[in-house]
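Colleague: I am new to this one. Please walk me through it.

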Amino acid sequence: MGAKTYSGRMTAGAQGEVVVFLIGMRINHFWAVHRWLPVFVAMPLMLKELNRDRSLGLLHHILLTASPRTYMVVQYWESKEKLLAYAAAPDKRHHPWWARMNRYARKGGTNVGIWHETYVVPEGSYETIYGDMPAEGLGKAFGVADLGDGVQARDRLRA
C-alpha cells in the first residue's frame with residue numbers, strides 16, 4: 001500500500017523559516033572502493049540515527065542519484081540550530097565521520113568528492129503545490145494544507 005494520495009491541489013503546511021540541507025558525494029575513481037565505500041555507507045547510518053531520534057531535528061529526507069557517480073540527499077530540518085547541533089555533537093555519528101573524512105583527504109585522496117549546501121529560507125520565500133498526489137518534499141516534512149481556490153504562486157511567495 002502506498003502513501004495517502006491527496007485529492008486536489010495542496011500546499012505544504014510549513015510556517016516560518018524552512019531549513020533545507022543538501023549533501024552529496026561523487027565517486028571520482030571507481031576502482032578506489034576502499035575510499036568511496038565508507039562515504040557511501042556513512043550517510044544511511046546517519047539517516048538511521050536521525051530517524052530513530054526525531055528530537056535531533058530531521059523532519060524528512062529524499063535520496064537521489066544524479067549519475068552512477070553522484071549521489072545526494074535532500075534533507076528538511078526543524079531549524080538551523082538543530083542541524084548545526086547534530087553536526088557538532090561528539091556522541092552522534094556525524095562528528096567522528098567528518099574527522100575520518102578529513103583524515104582521508106589529508107592522505108591525498110581525490111578518489112571521492114563530498115559537498116553540502118545549507119539553505120535557510122525565510123517565510124514568504126518558498127512556495128509549494130501538490131496536485132492529486134501524496135505529500136512530497138516540504139509537504140512530507142511539514143504536512144499539507146488545502147491550497148484553496150484562486151490562490152496563485154505569487155500569493156504564496158509574499159516576501
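Modeller: Helices (H or I, at least four residues) and strands (E, at least two) are DSSP runs, numbered from the N terminus. The model is predicted: local features need pLDDT of at least 70, side-chain atom pairs count only at pLDDT 80 or more, and totals for chains, interfaces and linings use all residues. Residues are numbered from 1 along each chain as its sequence is written, and side-chain values use heavy atoms, with hydrogens and water left out.

Colleague: In which strand is the place of T11?

Modeller: Look at residues 6–12. They form the strand that holds T11, and that strand is β1.

Colleague: Is T11 buried or exposed?

Modeller: Buried means under 20% relative accessible area, exposed over 50%, partly exposed in between (1.4 Å probe, protein chains only). T11 has a relative accessible area of 13%, so T11 is buried.

Colleague: What should helix α1 span, at 1.5 Å a residue?

Modeller: The expected span is 1.5 Å times one less than the number of residues. Helix α1 has 20 residues, 33–52.

Colleague: What is the strand order of the open sheet?

Modeller: Two strands pair if DSSP finds at least two bridges between them. The sheet has 4 strands with antiparallel pairing, in the order β3-β4-β2-β5. Each edge strand pairs on one side only; these are β3 (58–65) and β5 (112–121).

Colleague: Which residue in β4 is the bridge partner of V20?

Modeller: Strands β2 (residues 18–27) and β4 (residues 70–77) pair in the antiparallel sense over 8 bridges. In β4, V20 has as its bridge partner Y76.
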